Amino acid sequence: MIICKSQREIEFLLKAGTIAAQAQEKMAEIIAPGITTAEIDRLAEEFITRNGARPAFKGYRGFPASVCTSVNDEVVHGIPGNRILKEGDIISLDVGTIIDGFYGDCARTVPVGNISKEAQRLIEVTMQSLKEGIARAREGGRLTDISHAIQSYVEENGYSVVRDYVGHGIGRSMHEAPQIPNFGPPNRGPRLKKGMTLAIEPMVNCGTYKVKTLEDGWTVVTKDGKLSAHFEDSIVIDGDTAQILTEP
Ligand code: MG
């Protein structure tokens, strides 16, 4: 069942989402060659707790950190550690927060120093594909209008969308119904209603959409070793448009 939120509940989700988005800004400020992914994680966790929230990913199904840090061919769920970022890398940062019982969730892919034109284009296409999806998140539309808009935009630009991981509803749980695929035909699935809160999150690969999980049980990488990017915002359907809940 998809839970439509009241105005009061949306305010709590906005609070959680804002802290998550601000944590993203803080992380982006320190991303540079030479920094470790553990340092990025520590900064985000400090920022989140200082603002009265808790890092929602920490301990989630046993995940050991506050941020997922996924570098280059890593798609999602990379574990922060002593990996040192180097010039030309790209890093996807996914962060969740919980405050007053409500969740925020957002992801960004960030360049490390100067990156290749291909990497830059991948980041831009992925970011824009999220915007294309959000533009279809409106009352009276249907869920897979979002999915189809994302896939179409990505494939027109020569990239692929990951199938094995999808977006989700968000609220008093980090993952609520519905699941939101980033692919598929339009005009299917539930009709969208005011007050539905969704975390839309395209994962876009330069090569094949196929992925595999490393032996650590978490890190998802592209099967062909090519680059991947990830953008995510939590939104609420507000009539003809969607309001983004994860802006700083
Ligand atoms: Mg998410």
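How many salt bridges does the structure hold? The structure holds 8, a salt bridge being a side-chain nitrogen of Lys or Arg within 4 Å of a carboxyl oxygen of Asp or Glu.

1. Basis. This is a predicted model, where local features need pLDDT of at least 70, side-chain atom pairs count only at pLDDT 80 or more, and totals for chains, interfaces and linings use all residues. Residues are numbered from 1 along each chain as its sequence is written, and side-chain values use heavy atoms, without hydrogens and water.

2. Magnesium site. D105 (OD), H168 (NE2), E201 (OE) and E232 (OE) coordinate the magnesium ion at 2.1 to 2.4 Å. Donors are N, O and S atoms within 2.8 Å of the metal (3.2 Å for Na, K and Ca); water is not among the atoms, so sites may look incomplete. D105 lies in strand β5 and E201 in the loop between β9 and β10, so the pair ties together parts 96 residues apart in sequence. Strands are DSSP runs (E, at least two residues), numbered from the N terminus. Both D105 and E201 are buried (under 20% relative accessible area; exposed is over 50%, partly exposed in between, with a 1.4 Å probe and protein chains only).

3. Sheet. Five strands form an open antiparallel sheet, ordered β8-β7-β9-β14-β15. Two strands pair if DSSP finds at least two bridges between them. H168 has A199 in β9 as its bridge partner.

4. Salt bridges. D238 pairs with K194, with the closest N and O atoms 2.7 Å apart. D238 is partly exposed at 37%, and K194 is partly exposed at 49%. R83 bridges to E74 at 3.2 Å; E74 is buried at 12%.

Technical notes
Helices (H or I, at least four residues) and strands (E, at least two) are DSSP runs, numbered from the N terminus.
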